[in-house]
Amino acid sequence: MISNVIAGNWKMNHGPSATRKFFEDFFPDLSFPEPRILIFPPAISLLAAVEARKGRPEVALGIQNIYWEPKGAYTGEHAAGMAVSAGAEYVLVGHSERRHVFGETDEQVQQKVLAAFGEGLIPLICVGETLEERQDNRVDEVIVRQIRAALNGIPETATQFLLAYEPVWAIGTGETATPSDAGSAHGILRDVMTEILGGDRASEVPILYGGSVNSSNVSDLLDVPNVNGVLVGNASLDASSFAAIAESA
Ligand code: PGA
């Protein structure tokens, strides 16, 4: 399994020129091929990112969202195959902002996962509970439901994907799950994957933690069993802060 994956989700930030500027300034001091760095720029900046990261094999690029149909009258959407031809290797699926701001359902998440596999795009599937669900002691129920739906019907041959546990209350708030909360959620996700996919396949899937990760808390989080990387929002926008996270990892 690739471990210490450092993923940056830029959300709706950094157009093409800000993207080029980011890569001019982004020089993490990494003496070994890991951690593998994944960056998810806005779709409109993907081509600029592909150009700008040339010669940087430690950096892979992804798209933040896809639609499940291969083409057609879906104004504003991007098909998985188009993302691949624009240079994306990864896709975020089921991010909490897609679920809670845009009303994406578990079934839609599943359709997007299947579309990604169909085009050879590697999905990074996000799950996580809201504050209300946590206060109602429903963390396990919610994340188990989300992961079961997302993996429902995935082909036997689909071996390569990543998972991210992102408690919604920790995203963009400065609040981070304690190592023990993260450890418990990640353990549950590993168990459910083992049940669905079998131990050999499940042990190959990196599970990332996301929610207010920065260069001060990343090492403690990566020390937790079953935390195999981090998904970073705010702190991935600035080249030096994102490089500092990669270096601490
Ligand atoms: P944050 O975002 O690091 O700003 O909390 C994480 C995410 O939404 O992936």
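Which residues lie nearest the centre of the second largest pocket? They are G172, S212, G233, N234 and A235, among the 21 residues that line this pocket. The model is predicted: local features need pLDDT of at least 70, side-chain atom pairs count only at pLDDT 80 or more, and totals for chains, interfaces and linings use all residues. Residues are numbered from 1 along each chain as its sequence is written, and side-chain values use heavy atoms, without hydrogens and water.

**Pockets**
- A pocket is an open set of points on a 1 Å grid over the protein atoms alone, where a 1.4 Å probe fits, with protein on both sides within 12 Å along at least five of seven lines.
- Lining residues have an atom within 4 Å of a point.
- The second largest pocket has a volume of about 240 Å³, the space filled by probe spheres set on the points.
- The largest pocket holds about 460 Å³.
- Its lining has 17 residues, with K11, Q64, N65, R98 and F102 closest to the centre.

**Helix α7**
- Helix α7 covers residues 139-151; helices are DSSP runs of H or I, at least four residues, numbered from the N terminus.
- Buried residues (under 20% relative accessible area, 1.4 Å probe, protein chains only) of α7 include V139, I143 and L151.
- The buried residues of α7 pack against α4, α5, β5, α6, β6 and α8.
- Just after α7, G153 takes a positive phi of about 80°.

**V142**
- V142 sits in α7 and has a relative accessible area of 0%.
- Beyond neighbours within four places in sequence, V142 contacts (heavy atoms within 4.5 Å) G128, E129 and E133.

Technical notes: Helices (H or I, at least four residues) and strands (E, at least two) are DSSP runs, numbered from the N terminus. Buried means under 20% relative accessible area, exposed over 50%, partly exposed in between (1.4 Å probe, protein chains only).
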